[in-house]
Amino acid sequence: MCYTDQKIFQKEVHFIIFCPVCKSERIVKNGSIHNKKQKFMCKECGRQFVEEPENRIIPDETKELIDRLLLEKISLAGIARAAS
Ligand SMILES: [Zn+2]
């Protein structure tokens, strides 16, 4: 994986956030709260939530796995299931 690919990869991973209610990936930013945490809203069910670690796929030890899955063009939801 070259440097450029990694940059793109990290940018994408940042937005792999799932609705805690319906697990939808259709999340939009919805401002922020007092402690500067990003707030999000689910476009599927309308639920608003704050970014939490458990809503993200960031674990460094799974990045390699995620990258492999991305190369295989598996959906982001599939990646989330595989990496969790
Ligand atoms: Zn939802």
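**View 1. The largest nonpolar core of the protein has 6 residues.** Its members are Ile17, Phe18, Cys19, Ile27, Phe40 and Cys42. A nonpolar core here is a set of buried Ala, Val, Leu, Ile, Met, Phe, Trp, Tyr and Cys residues joined through C-beta atoms within 7 Å. A residue is buried if 20 or more other C-beta atoms lie within 10 Å of its own, exposed if 12 or fewer, and partly exposed in between, with C-beta atoms placed from the backbone. Of the 84 residues of the protein, 10% count as buried. In soluble globular proteins, nonpolar side chains tend to be buried together. This is a predicted model, in which local features need pLDDT of at least 70 and side-chain atom pairs count only at pLDDT 80 or more, while totals for chains, interfaces and linings use all residues. Residue numbers start from 1 along each chain as its sequence is written.

**View 2. Here is Cys42 with its contacts.** Leaving aside residues up to four places away in sequence, Cys42 touches Cys19, Val21, Cys22, Ser24, Arg26, Ile27 and Arg47. Two residues are in contact if their C-beta atoms, placed from the backbone, lie within 7 Å.

**View 3. Three strands form an open sheet in the order 1-2-3, with antiparallel pairing.** Strand 1 and strand 3 (48–50) stand at the edges with a single partner strand each, so one side of each has no neighbour in the sheet. From one strand to the next, the twist averages 35°, using axes that are lines fitted to C-alpha atoms (for helices over the stretch in contact), with angles from 0 to 180 degrees between N-to-C directions. Strands are DSSP runs of E with at least two residues, helices are runs of H or I with at least four, and both are numbered from the N terminus. Strands 1 and 2 pair over 4 bridges; two strands pair if DSSP finds at least two bridges between them. Look for Ser32, which stands opposite Gln38 in strand 2.

**View 4. Lys23 has a positive phi of about 65°, although it is not a glycine.** You will find Lys23 in the loop between helix 1 (3–14) and strand 1 (27–32). Lys23 is partly exposed, with 14 other C-beta atoms within 10 Å.

**View 5. Confidence is lowest, by element mean, in helix 1 and highest in strand 2.** Where pLDDT is low, the predicted coordinates should not be read in detail.

How values were computed
pLDDT is the predictor's confidence in each residue, from 0 to 100.
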